[in-house]
Amino acid sequence: MVIKCILCTNKYGPLSINITFHRFPKDYERFNKWVNFCRRPDLLEKGPSICNKTYKLCSEHFVETDFNNNDWLINTGLMQSCNKTAV
Ligand SMILES: [Zn+2]
């Protein structure tokens with residue numbers, strides 16, 4: 001399965017070496033925030049567990065402070081790699 005961003009054309013591969021991909025959080029409150037951020041209300045119908053498995057958001061849509069914001073990234077399991085690329 002190709003990992004790609006739900007909001008842009010970034011795909012996981014040799015060209016995306018500086019880009020990290022983030023799963024949607026399973027936690028409903030955070031999931032809601034991501035959906036609002038993406039302006040994709042249709043995702044609410046699919047629910048957090050399906051979106052967590054299916055959709056990703058790339059780091060292009062995060063500002064640097066978000067990388068250190070636990071509220072935003074907790075449960076993605078990618079916090080460590082994010083901190084690395086944000087420095
Ligand atoms: Zn993207």
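What follows is a conversation about a predicted model and the reasons behind some of the words used to describe it.

Visitor: Why is R39 called exposed?

Guide: R39 has 8 other C-beta atoms within 10 Å, and since a residue counts as exposed with 12 or fewer, R39 is therefore called exposed.

Visitor: What makes up the largest nonpolar core?

Guide: The largest nonpolar core has 10 residues, among them C5, F21, F24, F31 and W34, and the elements that give two or more residues to this core are α1 and β2, the latter spanning residues 56–58. Leaving aside residues up to four places away in sequence, F31 touches F24, P25, K26, P48 and C51. In soluble globular proteins, nonpolar side chains tend to be buried together.

Visitor: How do you know which element has the lowest confidence and which the highest?

Guide: Among the elements of the protein, helix α6, residues 79–86, has the lowest mean pLDDT, at 45, while α2 has the highest, at 96. Over residues 74–87 the pLDDT is below 50, and beyond near neighbours in sequence this stretch has 22 contacts in the model. Where pLDDT is low, the predicted coordinates should not be read in detail. The protein as a whole averages a pLDDT of 79, with 70% of the residues scoring at least 70.

Definitions and conventions:
Residues are numbered from 1 along each chain as its sequence is written. This is a predicted model: local features need pLDDT of at least 70, side-chain atom pairs count only at pLDDT 80 or more; totals for chains, interfaces and linings use all residues. A residue is buried if 20 or more other C-beta atoms lie within 10 Å of its own, exposed if 12 or fewer, and partly exposed in between; C-beta atoms are placed from the backbone. pLDDT is the predictor's confidence in each residue, from 0 to 100. Helices (H or I, at least four residues) and strands (E, at least two) are DSSP runs, numbered from the N terminus. Two residues are in contact if their C-beta atoms, placed from the backbone, lie within 7 Å. A nonpolar core is a set of buried Ala, Val, Leu, Ile, Met, Phe, Trp, Tyr and Cys residues joined through C-beta atoms within 7 Å.
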